[in-house]
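Look over the model below. The report that follows covers a loop, the pockets, the aromatic rings and some backbone features.

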Amino acid sequence: MSFFDEHEYESKERRRGKTGRFSRNVVISGVAGTLVGATLFAFAVPTFSRLNPPRNEEQVQVKTSEVKSYTAPLTQNVASSTEDIRSGFVSAVDKASEAVVGVINIQRDSFSEEDAEAGTGSGVIYKKANGKAYVVTNHHVVEGANRIEISLSDGKKVPADILGSDVVTDLAVLQMDEKYAAKVIEIGDSTKVQRGEPAIAIGNPLGLEFSGTVTQGIISATERILPVDLDNDGHYDWQVEVLQTDAAINPGNSGGALVNVDGKLIGINSMKIATEAVEGIGLAIPISRAVPIIQELEKTGKVKRPYLGVELRSLNEIPTYYWEKTLQLPTNVTTGVCVLDVKSPSPASREGMHEYDVIVEVDGKPVHDIIEFRTILYSKKINDTMKIVFYRGSEQKTATVKLAEENY
């Protein structure tokens, strides 16, 4: 048993679920400020009349007339504005909702040896072509499925095929017969989304019983970066850029649509932060980031990425006791990534890399943890070379590795 197996690290903060669930939280403390502001305004109005008391009845009548003349148009404007906002939201929902579908993950039951529903999520019809309709959803919604069914907005269930799925971006593309697609959603531009603008989430929270549920909020942040655990081993190994919204997102919403007030798709709902003390933090994959992945999955069934062939762990996740006893690193080496295993054949094995090598630099850039390493690796192309500086014990070594295509 390796020394790494003898220790447990902090539990995963991101949980994948067949219904597409993720959890985390924060406390918003804006209520007190809102109440204080309203109270101050309520007492300020009569105070003005005390500053200059009226001298006679005529003066009172003039002031009353002035108030009336300004109040009426103000009320009309507010009512008109509210109605415009209301009709805008209704129009956006009408425009987008029929393109949002349910996604049913069906797997073989190990006890009954029959197919059974293993979980449900949501999906978005984004394209129709050559007799087919294409649906984008989350990878974790379809993961492990023997087959997929689509639940349409009218409740009808139809078969669909998985064209491709990508664990890194948590995206998947499905295909069904074009005749089942009542509407295709219009793609927006998530790069132009601004913090504070309205957002609408459409999906199937808690299963198909609540299909087509609409929730409304605002964009809370546009470039939120979150670490994720891709292989469910309890360690962060990648990071994603997401849109943050306070529109309610619940289990089953995963893969559904986040749209703007024009009814255009700006994000794919993917996860939420939901612990006991937190509410109102939902996260969506920006559509502008998702489109290139969707197109590649549609064409090839997978995202081609460069492959080194090593299993890694951030050095800061390894107890320092083993740095000296097992890794035997120089005292000045305090960050990097440790090689736990070298696949064979692979680019790393061909260049003679070993278990317990500690990578500290790639292409002249220092590497502090596994997320930095993957960011550099995935910025490269297949057949590119990478110059790696690493320590084997106290000895510094260098290897120039030609990257291959990752095989799934």
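Which residues does S346 touch, not counting residues up to four places away in sequence? S346 touches Y307, L308 and G309, where contact means heavy atoms within 4.5 Å.

This is a predicted model, in which local features need pLDDT of at least 70, side-chain atom pairs count only at pLDDT 80 or more, and totals for chains, interfaces and linings use all residues. Residues are numbered from 1 along each chain as its sequence is written, and side-chain values use heavy atoms, with hydrogens and water left out.

**The loop at S346**

S346 sits in the loop between β16 (337–342) and α6 (347–350). Helices (H or I, at least four residues) and strands (E, at least two) are DSSP runs, numbered from the N terminus. S346 counts as buried because its relative accessible area is 1%. The cut-offs are under 20% for buried, over 50% for exposed, and in between for partly exposed (1.4 Å probe, protein chains only). P345 lies in the loop between β16 and α6. A cis peptide bond joins S344 and P345, with omega about 0°.

**Pockets**

The search runs on a 1 Å grid over the protein atoms alone; a pocket is an open set of points where a 1.4 Å probe fits, with protein on both sides within 12 Å along at least five of seven lines, and lining residues have an atom within 4 Å of a point. Grid points are joined across faces, edges and corners, and a volume is the space filled by probe spheres set on the points.

The largest pocket has a volume of about 640 Å³. Of its 27 lining residues, D231, V310, R374, Y378 and E406 are the closest to the centre. β14 (306–307), β15 (310–314) and α7 (370–378) each give at least two residues to this lining.

The second largest pocket has a volume of about 520 Å³. It is lined by 24 residues, with V168, T169, W238, Q239 and R289 nearest its centre. Two or more lining residues come from each of β10 (238–245), β12 (264–273), β13 (281–286) and α4 (287–300). β10 gives the most, with five residues.

**Aromatic rings**

The whole structure holds three aromatic pairs. Rings of Phe, Tyr and Trp (its six-membered ring) pair if their centres lie within 6.5 Å; planes under 30 degrees apart count as stacked, over 60 as edge-to-face and the rest as tilted. W238 and Y378 pair edge-to-face, at 5.1 Å centre to centre and 65° between the planes. This pair links strand β10 and helix α7, with the residues 140 apart. W238 is buried at 14% relative accessible area, and Y378 is buried at 19%.

Y321 and Y322 also pair edge-to-face, at 5.0 Å and 85°. Y321 is exposed at 52%, whereas Y322 is buried at 12%.

R305 lies over the face of Y378, 5.4 Å from the ring centre. A charge sits over a ring if NZ of Lys or CZ of Arg is within 6 Å of the ring centre and within 35 degrees of the ring normal.

**Positive phi**

Most residues other than glycine have a negative phi. Y356 has a positive phi, near 75°. N383 has a positive phi too, near 80°.
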